[in-house]
Amino acid sequence: MFKKLLIFLLFSTSLFAQQKVVTSIDTTKNKIGAEFKLTLKTSVDTLSTVVFPKLKNIGALEVIHSYPIDTIKKDDRYELIKKYGLTQFDSGRYTIPSIKILINNKAFLSDSIKVEVANVQVDTLRQKMYDIKEIVKAEDSSDWWKYFLGIVLILGIGAFVYWYTKIRQKKKIEEEVYKTPIEKATSLLNILEKKELWQHGEVKEYYSELTDIARNYIEEAIEIPAMESTTSELIEGLKTASLKKKMKLSQETIENLFAVLKQADLVKFAKSKPLEFEITDDRNKIQKAILTLDEAIPVEVPIEEDTILNEAQKQKQIQILLRKKRNQRIAISVGSVFFLLFATTAFFIATKGFDYVKDNILGHPTKELLEGDWVKSEYGNPGVIVETPKVLKRMDLTKSLPKDGMALIKEMQSFGYGSLLDNFYIMVSTIKYKQEGKLDLSKAIESSLKVLESQGAQNMIVKEEDFQTNKGITGKKGFGTFSRIDGNSQTSSKIYYEIVLFGQEGGLQQIMILHEEGDRYATELSDRILNSVELKTAGN
């Protein structure tokens with residue numbers, strides 16, 4: 001899979017491309033949840049056909065509004081203007097990728113634009129600032145912290161028992177008031193309507209309570225973690241549970257539930273203001289969805305002793321009870337073992353520290369790489385001399401590149417270690433072009449990031465700065481983070497990336513490093529590798 005990464009070489013074709021689409025944005029810096037207005041403008045003759053795409057997301061930004069196309073006639077030509085309303089609920093720097101527009105069935109790409117989503121700024125003029133205090137020498141340690149830790153553990157156990165007892169009592173009271181989840185949901189919907197929240201302008205509070213009722217019902221009746229799930233996670237969990245429980249749900253029910261939850265997210269985070277008939281329609285959709293879900297849940301009829309008709313059935317029930325008791329004994333035994341392991345681990349954490357337990361007992365792959373035997377070698381032409389924890393292996397990617405991209409390349413060599421799914425990945429590549437000329441390293445970095453996005457990178461944060469080797473050769477460095485989704489477990493992890501590019505007359509040299517964010521050993525690996533970089537010029 002990692003072999004496809006070198007498709008970034010095709011960026012050279014985009015450096016000479018001509019665009020017939022003018023791209024602009026109202027602002028490149030906005031607050032969380034605020035709207036960016038992306039504008040695409042093209043000028044065509046009266047006989048041309050232009051197709052703007054219908055998009056739900058553009059890169060890491062969500063399309064919250066697709067504006068109608070404005071048409072302005074100028075002499076014998078039409079100027080078409082299409083606007084997209086975009087937003088993002090996580091702070092960071094993002095790249096709005098190129099969008100494909102069809103003009104007479106021929107594809108044209110818009111420009112990519114970098115934007116920034118910022119948190120609320122702190123007013124440093126009114127906020128009093130203080131100087132950094134000097135380092136104070138730590139006093140000699142004593143055993144007092146052990147007693148303190150014991151007291152904290154005792155208080156923690158007491159608080160847990162109190163919390164658990166309180167939750168059980170509250171749940172018991174709710175079970176007495178509401179016999180079934182559907183009875184509880186129906187009652188709470190009626191109570192919500194009597195409050196008349198949205199009629200008094202409290203639309204956000206109304207949608208919050210409305211969706212909480214639906215989420216709580218799904219969590220209690222269908223047994224999925226609906227309260228702490230995002231809208232997308234909830235819908236996927238509902239689909240999975242319906243298959244597992246053999247529930248017959250129509251696509252309309254799922255789409256209506258998703259639409260209301262999405263509308264609630266926009267009301268709560270993007271300050272959207274739905275109309276009165278939309279609010280009423282959303283309430284009816286939620287009630288209908290809850291009733292439909294309740295009807296779709298299979299009814300389990302418990303086996304009563306009076307229904308056991310013969311001795312064989314009695315023996316079968318006895319065997320089931322015996323297996324349950326045996327499973328309970330096994331569960332207690334396994335729980336005891338886990339408790340001992342937990343207590344032992346807690347002891348080592350308290351005495352040695354968490355990092356000691358994680359790195360020396362559980363093991364750490366990047367720590368082993370850092371402490372292993374390093375190799376200094378030269379790779380590619382023009383050569384890149386770099387020190388790495390393992391020898392980089394040659395990769396042949398000529399067969400995986402399109403012919404039009406290969407037509408621009410005179411010579412290409414690539415070497416790598418690891419893959420996108422490993423804890424640490426490094427790739428060194430060099431290119432010599434047939435056409436000599438100064439390369440735009442910033443655009444080259446953008447092209448490399450687009451390839452990462454095509455390989456599954458999401459929510460990418462992009463930063464860029466100048467880079468200089470120990471011998472004074474300058475280049476560009478792109479760095480930041482993105483989310484990586486594991487296709488097997490569907491879990492997400494945060495990946496830190498660094499891409500360093502050097503341009504020569506007719507040549508390009510690149511070093512790419514990927515590792516999990518927060519891995520201090522991987523950070524040391526990356527720093528040591530980049531500090532060791534030496535370059536050879538294309539003429540040598």
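User: What does the accessible surface of the chain come to, and what percentage of it belongs to carbon and sulfur atoms?

Analyst: Accessible areas come from the Shrake-Rupley method with a 1.4 Å probe, and for residues only the protein chains shown count as cover. Here the chain has about 34,500 Å² of accessible surface, and 54% of that belongs to carbon and sulfur atoms. Please note that this is a predicted model, in which local features need pLDDT of at least 70, side-chain atom pairs count only at pLDDT 80 or more, and totals for chains, interfaces and linings use all residues. Residues are numbered from 1 along each chain as its sequence is written, and side-chain values use heavy atoms, with hydrogens and water left out.

User: How many helices and strands does the chain have, and what percentage of its residues is buried?

Analyst: Helices (H or I, at least four residues) and strands (E, at least two) are DSSP runs, numbered from the N terminus. The chain has 13 helices and 22 strands. Buried means under 20% relative accessible area, exposed means over 50%, and partly exposed lies in between (1.4 Å probe, protein chains only). Of the 540 residues, 36% are buried. Contact means heavy atoms within 4.5 Å; among contacts between residues at least 6 apart in sequence, 59% join residues at least 24 apart.

User: In what order do the strands of the open sheet of 7 strands lie?

Analyst: Strands of a sheet pair through backbone hydrogen bonds, either parallel or antiparallel. Two strands count as paired if DSSP finds at least two bridges between them. In this sheet the order is β15-β16-β17-β21-β20-β19-β18, with antiparallel pairing. The edge strands, β15 (393-395) and β18 (458-468), each pair on one side only. From one strand to the next, the twist averages 20°. Between β18 and β19 (residues 474-485) there are 9 antiparallel bridges, and Q468 has T474 in β19 as its bridge partner.

User: Which helices lie across β18, β19, β20 and β21?

Analyst: Axes are lines fitted to C-alpha atoms, for helices over the stretch in contact, and angles run from 0 to 180 degrees between N-to-C directions. Helix α12 (residues 441-454) lies across these strands and runs at about 150° to β20 (492-504). Helix α13 (residues 520-531) lies across them and also across β17 (424-433), running at about 165° to β21.

User: Which residues touch the most other members of the largest nonpolar core?

Analyst: A nonpolar core is a set of buried Ala, Val, Leu, Ile, Met, Phe, Trp, Tyr and Cys residues joined through side-chain atoms within 4.5 Å. In the largest one, of 35 residues, they are I218 and I290. Helices α3 (181-195), α4, α5, α6 and α7 each supply at least two of its residues, and the largest share, 9 residues, comes from α4. Apart from residues up to four places away in sequence, I290 touches I182, A185, L189, I213, A214 and Y217. A second, separate core has 25 residues, among them M427, L452, M460 and I495.

User: Is E79 buried or exposed?

Analyst: E79 is buried because its relative accessible area is 16%. This residue lies in strand β8 (residues 77-87). Beyond its neighbours within four places in sequence, E79 has contacts with K41, T42, S43, D70, T71, I72 and K74.
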